[in-house]
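Subject: A structure for you to look at

Hello,

Here is the structure I promised to pass on. Please open it next to this email, and then read on for what was found in it.

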Number of protein chains: 2
Amino acid sequence: MATATATSPHYVRIAENLIGQMERGVLRAGDRAPSLRRLSEQQRVSVTTALQSYMWLEDRGYLEARARSGFFVRQPFASEIPEPRFEPGSVRATTPGVGDIMQDVFKMANDPAAVGFGPGYSSPELFPARRLNLNLRRIIHRDPLHSSRYDSPPGCEPLRRQIARRLSGTGPGVSLSDVVITDGALEAVSLGLRAAAKPGDAIAVESPAYFGTLANIASQGMKIVEIPTHPQEGMDLNELEHAIRKHRIKACVTMPNCHNPLGYVLPDRHKRELAELTGRANVVVIEDDVHGDLTFDGIRPRTVKSFDKKGLVILCSSFSKTLPPGYRVGWIVAGRFREEVERLKFVTTVASNSLGPRVVADFLESGGYDRHLKRLRTAIASQTERVRQAIARYFPAGTRISRPAGGHLLWVELPPKTDSLKLYQAALAERITILPGPVFSCGNRYTNYIRINCGHTWSEVYERALLKLGRLAGEARG
Amino acid sequence: MATATATSPHYVRIAENLIGQMERGVLRAGDRAPSLRRLSEQQRVSVTTALQSYMWLEDRGYLEARARSGFFVRQPFASEIPEPRFEPGSVRATTPGVGDIMQDVFKMANDPAAVGFGPGYSSPELFPARRLNLNLRRIIHRDPLHSSRYDSPPGCEPLRRQIARRLSGTGPGVSLSDVVITDGALEAVSLGLRAAAKPGDAIAVESPAYFGTLANIASQGMKIVEIPTHPQEGMDLNELEHAIRKHRIKACVTMPNCHNPLGYVLPDRHKRELAELTGRANVVVIEDDVHGDLTFDGIRPRTVKSFDKKGLVILCSSFSKTLPPGYRVGWIVAGRFREEVERLKFVTTVASNSLGPRVVADFLESGGYDRHLKRLRTAIASQTERVRQAIARYFPAGTRISRPAGGHLLWVELPPKTDSLKLYQAALAERITILPGPVFSCGNRYTNYIRINCGHTWSEVYERALLKLGRLAGEARG
């Protein structure tokens, strides 16, 4: 498990130990887990700690609690499904032309009859719309002139204060003046790139990587260098070091927490190594932490930024994966590039919209965000597990599925000769969207991979769609 | 008057004629204007047309209506104040470093104790906040999940429909699929530039030009070529033609309606010539029409886009000058670059915020926008005239002031040796913001010019601030 580190709480380590027993077949589906008293004796911990372990496992879908009977192992195990393989591959510099696939997919997202496994977002009912609307009404009532000024960079002060407060828990202190509000995380990454690099510069990215990042880098006339990336251990740092010298890498865009599409949380020692390696070479790290609040184990993972000693890590995130994305509220902490980022934001859009950041700030101030996150994580973990199981059931033999540590995305490796672009087209004809693997690279890679979004509340509709998708996958031969 | 053309309505031509009489001293301050009956006989028009002429002149501050006494000439005449001179100058290609002035100015804009003549916006009370808040509440009530999806490009359909409908009045038909929603006009210009040109390309601009445009072009690594611009006739088209050959201009950013900072509305024949000249040379025109709805005479001027035969004109605008700017609602009609603009918008911010465009669309659908525009134009025309008169009264001898055809910006030429950067600093120390001339160019021009925003509802505060500013201007010697 990539998430278990020396710094994890005791109950997580106990839980991980139990997962190990499930994986080795010591505990099987349907088995009753040891009683709380038994576990506390075995592990020499309090009953409370034992209960925490079980609740953690329940959250992740490993156990289910039955009234007055205790905890039982759920079936089938997540671990019975093989994960996609690591394909070392070579480092190449390419200038890509990411197509219109994402736009097709997003357009269909607004078609109520379509089933969307394409865009990476969650069902509306998972967001606290009522609370946010209450905040919105309150702002309108108390400050009828709420939108009458340009909220110019760095933007909404109450929100910057809340973000700085939350960040202080995951690393060295960040003050509110370090934070600049943006229109979502991708704009933050875009501004970070513009501040740190010029057209023609080489930018290192994970492979596979989020298509939006790839397309943004390309649109700025920068070169993309894809670094082979392990499904659990992240970027191959030796290859990165080599590429820094060979391609004179200027900046590196990375998603260490709940990677899109791979799903891993990078172990802390890798984060530290990445910060040190790039720090030595004066390479800027642009860290996309957009899913960082969505780890299934509920532990807020550290950021690469928290290991940054030189101000060379630019941390980017947003509330678009945890709150309604239409508010378009993101942010950037840009280290030594802060002033330049602020200036670039100003000369590109003058300001972000005034309402969205205030609504989010009010929600954070009220303390409702953490409670909401807990519910959201639990829901997403369970949905993701259901989708994994349906894929395991309906997809052709030889299919491998990622085991994400958080977020709501699955990376699915189909049997070798499957053509995921054909599958994408065939699914689109049935009004089912997926994202084909090749959009996650510029080098015509991942032709037999797809990404599946699990943000939707589970229903029969999704079950049937996955059944159909599995059948289409069997037919989509290259 | 730049606004009077062969296509102007009859009543405007009559009014212009009367202004001529005022300028020649035939009609003096305090004089009673001819009665409506008399005017209608003189000009051989209906009494209604005569009344339209007088209302037009009243809107612009030339006449005042007194109950039961008729119309009187107001004093002092706008026309007694000399306008800034045209400085032909040379065409130069420069790569600028626009400083932090604009950010200082915008930050002070949120300081209630400061008097802001810097940023170009209007008093909150001039916007229909109550109506917009009503729309906002209605959206929240009818669609509580309003923000739960990415409103991906081209964005909000009802708003695109309204924009297309409005545009059809000013030129060849535009369909809703031609419109892409943006976060304000500057983002629209930025996207247009990215679609039409590459880093290193040469971009022609007016001189002086809006500082945001200059800074945006520079931030994209493009070269800026400043074309001498006449205070009424716009860009010198011979110089532009010459520059297109000499500097291989790729695109031209222009603001033909209520130019920022000069204030002119370009005559139609110049717009046509500009479209033809650039069309022949395959130069893309990026037309910033952000003040186009704010002409004092209430006539919606044509756009360069309306003369575009080749799809080479990219029309950009927003509602940030006519509705509360914090909503951040702009748009772009990009001709043959539509798909590329849509793609660039997507890969930069994924989507615009969902609420702002819906609120604006509802307002436009209800028909309230035109009535609002009428009130806003009248208020702004009168405020602008008051500021002009105060400047004429308090500023050093030799000061010249633009006579804008719309918008709320004045371009003020101070006596030759005045250092407007010194004046900017001295004013800032007194918590008065202005914009110094040099930010409107990249070539250290306009050192004795300032731009004054007149968007605020007139009050004693502004009168006193202009008195102080005038004194400081006398002391700010280079």
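Domain bounds here come from an automatic or database domain assignment. For chain A that assignment gives domain 1 (10-79), domain 2 (96-126 + 376-475) and domain 3 (129-368).

A word on reading the model: it is predicted, so local features need pLDDT of at least 70 and side-chain atom pairs count only at pLDDT 80 or more, while totals for chains, interfaces and linings use all residues. Residues are numbered from 1 along each chain as its sequence is written, and chains are lettered from A and ligands numbered from 1 in the order in which they are written.

**Two domains of chain A**

The centres of domain 2 and domain 3 of chain A, taken over C-alpha atoms, are 25 Å apart. Their contact takes 27 residues from domain 2 of chain A and 25 residues from domain 3 of chain A; two residues are in contact if their C-beta atoms, placed from the backbone, lie within 7 Å. On the domain 2 side, α13 (368-394) and β14 (409-413) of chain A each supply at least two residues. Helices (H or I, at least four residues) and strands (E, at least two) are DSSP runs, numbered from the N terminus. The largest share of that side, 4 residues, comes from α13(A). By class, the side of domain 2 of chain A that touches domain 3 of chain A has 16 nonpolar, 7 polar and 4 charged residues. In this count Ala, Val, Leu, Ile, Met, Phe, Trp, Tyr, Cys and Pro are nonpolar, Asp, Glu, Lys and Arg are charged, and the others, Gly among them, are polar.

**How the two chains meet**

Chain A can be laid on chain B with an RMSD of 0.1 Å by a turn of 180° and a shift of 0.0 Å along the axis. The two copies are thus related as by a two-fold rotation axis. The superposition is by least squares on the C-alpha atoms of residues with pLDDT of at least 70 in both.

How many residues of chain A are in contact with chain B? There are 55, and they touch 54 residues of chain B. Helices of chain A that each give at least two residues to this side include α4 (101-109), α5 (129-142), α7 (185-196) and α8 (211-219). The chain A side divides into 25 nonpolar, 20 polar and 10 charged residues. Of the interface residues of chain A, 98% are also interface residues in chain B, so the copies meet through the same surface.

**Helices that pack**

Two packed helices are described by the angle between their axes and the distance between the axes. For α7(A) and α8(A), the angle is about 35° and the axes are 10 Å apart. Axes are lines fitted to C-alpha atoms, for helices over the stretch in contact, and angles run from 0 to 180 degrees between N-to-C directions. The contact is made by A:L186, A:V189, A:S190 and A:L193 of α7(A) with A:G212, A:T213, A:N216 and A:I217 of α8(A). These residues divide into 4 nonpolar, 4 polar and no charged.

In chain B, helix α7 (residues 185-196) packs with helix α11 (residues 338-349) at about 115°, and their axes are 9 Å apart. Here B:L191, B:G192, B:R194 and B:A195 in α7(B) meet B:E340, B:V341, B:L344 and B:K345 in α11(B). That contact has 4 nonpolar, 1 polar and 3 charged residues.

**A sheet in chain A**

Chain A has an open sheet of 4 strands in the order β13-β14-β17-β16, with antiparallel pairing. β13 (400-401) and β16 (435-436) of chain A stand at the edges, each with a single partner strand, so one side of each is left without a neighbour in the sheet. Two strands pair if DSSP finds at least two bridges between them; β14(A) and strand β17 (residues 449-453) of chain A pair over 5 bridges. One of the partners in β17(A) is A:N453, which bridges to A:L409. α13(A) packs on the sheet, touching β13, β14 and β17 of chain A, and its direction makes about 15° with that of β14(A).

**Backbone details**

Most residues other than glycine have a negative phi, and most peptide bonds are trans. The bond from A:P153 to A:P154, however, is cis, with omega near 10°. A:P154 sits in the loop between α5 and α6 (157-167) of chain A. A:V350 has a positive phi, near 65°, and lies in the loop between α11 and α12 of chain A.

Enjoy exploring!
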